[in-house]
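Please read the following note beside the sequence and the coordinates. The points go from the chain as a whole to single side chains.

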Amino acid sequence: MRVAIVDDDAFARDAMKTLLGLVEGITVSLTAGTASEALARLDQDETAQPQVFLVDISMPGMSGIELVRRLRVLSPTSAVIMISVLTRADKIREAFRAGATGYFVKEDDPALIAENLGKALAGELVFSPTCSRQLISVLTDDATFVAVKRHAGEPSDTVLTQREKEILTLMSESRTNSQIASRLKISENTVKTHIKSIMQKCDAADRAGAVAYGIRQGIID
């Protein structure tokens, strides 16, 4: 997987590059300190376009948000994950409206970001536990991002078993299936079965939609 890192903070950029370089199957093919530099580098070499872009929101000159908009045109099959110190709902909303598929904060463990790159490339919504509440607020308030159909007769949370509620809560913390299995001392296959049931009961298209349902129903505090 080819990854680009676009961040004006040289220390953060180099640290992320070093971490990702240790992960098997990941190659950092491009680094840039500004959006304009990133676009120029992409224009110079079209043979190895990055598959995932990690983009800072606040940079000198062109913002990360504007870069996302341009990348959606220049590289529509790539995934773009925002990396920021900002956790405001308006910024998160703006990022996803521009075409981002993920949102993490700079204080997050780089390993957490690394393990979500493949999910983002596969089209999943990935995000930091730090800003999960703000993100779900965006999802539930704006139909553009809601992956769950809201029917007039939306089912009550009582249709979920206690175990399903526990798993849904862990899902809201961006836990992987493996982490959930370890936490609850059950097999990963059992976790997958529970998640499939949760998605069906919530009428959710993905994990974020299920979490949004859980918050609306008061299952997740």
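1. In the protein chain, residues 24 or more positions apart account for 64% of the contacts with a separation of 6 or more, where contact means heavy atoms within 4.5 Å. The model is a predicted one, in which local features need pLDDT of at least 70 and side-chain atom pairs count only at pLDDT 80 or more, whereas totals for chains, interfaces and linings use all residues. Residues are numbered from 1 along each chain as its sequence is written, and side-chain values use heavy atoms, with hydrogens and water left out.

2. The secondary structure comes to eleven helices and six strands, taken as DSSP runs numbered from the N terminus (helices are H or I with at least four residues, strands are E with at least two). Of the 221 residues in the protein chain, 45% are buried; here buried means under 20% relative accessible area, exposed over 50%, and partly exposed in between, with a 1.4 Å probe and protein chains only. The chain exposes about 10,600 Å², and carbon and sulfur atoms supply 49% of that area, as computed by the Shrake-Rupley method with a 1.4 Å probe, where for residues only the protein chains shown count as cover.

3. Side chains of opposite charge can pair when their charged atoms come close. With a salt bridge defined as a side-chain nitrogen of Lys or Arg within 4 Å of a carboxyl oxygen of Asp or Glu, the count comes to eight salt bridges.

4. One of these joins Lys-106 to Asp-7, with the closest N and O atoms 3.1 Å apart. The two residues are 99 residues apart and the pair links distant parts of the chain, since Lys-106 sits in the loop between strand E5 (102-105) and helix H5 (110-115), and Asp-7 in the loop between strand E1 (2-6) and helix H1 (10-21). Lys-106 is partly exposed at 29% relative accessible area, whereas Asp-7 is buried at 6%. A network of salt bridges links Asp-7, Asp-56 and Lys-106.

5. Glu-164 counts as buried, with 4% relative accessibility, while Lys-201 is partly exposed at 28%.

6. Lys-91 and Glu-94 also form a salt bridge, at 3.8 Å from N to O, but both lie in helix H4 (residues 89-98), three residues apart, about one turn of the helix. Both ends are partly exposed, Lys-91 at 21% relative accessibility and Glu-94 at 30%.

7. Helix H10 has 15 residues and reaches 21 Å from its first C-alpha to its last, close to the expected 21 Å, the expected span being 1.5 Å times one less than the number of residues. Among its buried residues are Val-191, His-194, Ile-195 and Cys-202. Just after H10, Asp-203 takes a positive phi of about 55 degrees.

8. Which backbone oxygen does the side chain of Asn-116 reach? That of Leu-112, at 2.7 Å. Asn-116 lies in the loop between H5 and helix H6 (117-121), and is buried at 6% relative accessible area. Leaving out residues up to four places away in sequence, Asn-116 touches Phe-104 and Val-126.

Notes
A polar contact is a pair of N or O atoms within 3.5 Å; within protein, one must be able to donate a hydrogen and the other to accept it, and residues adjacent in sequence count only if both atoms are side-chain atoms.
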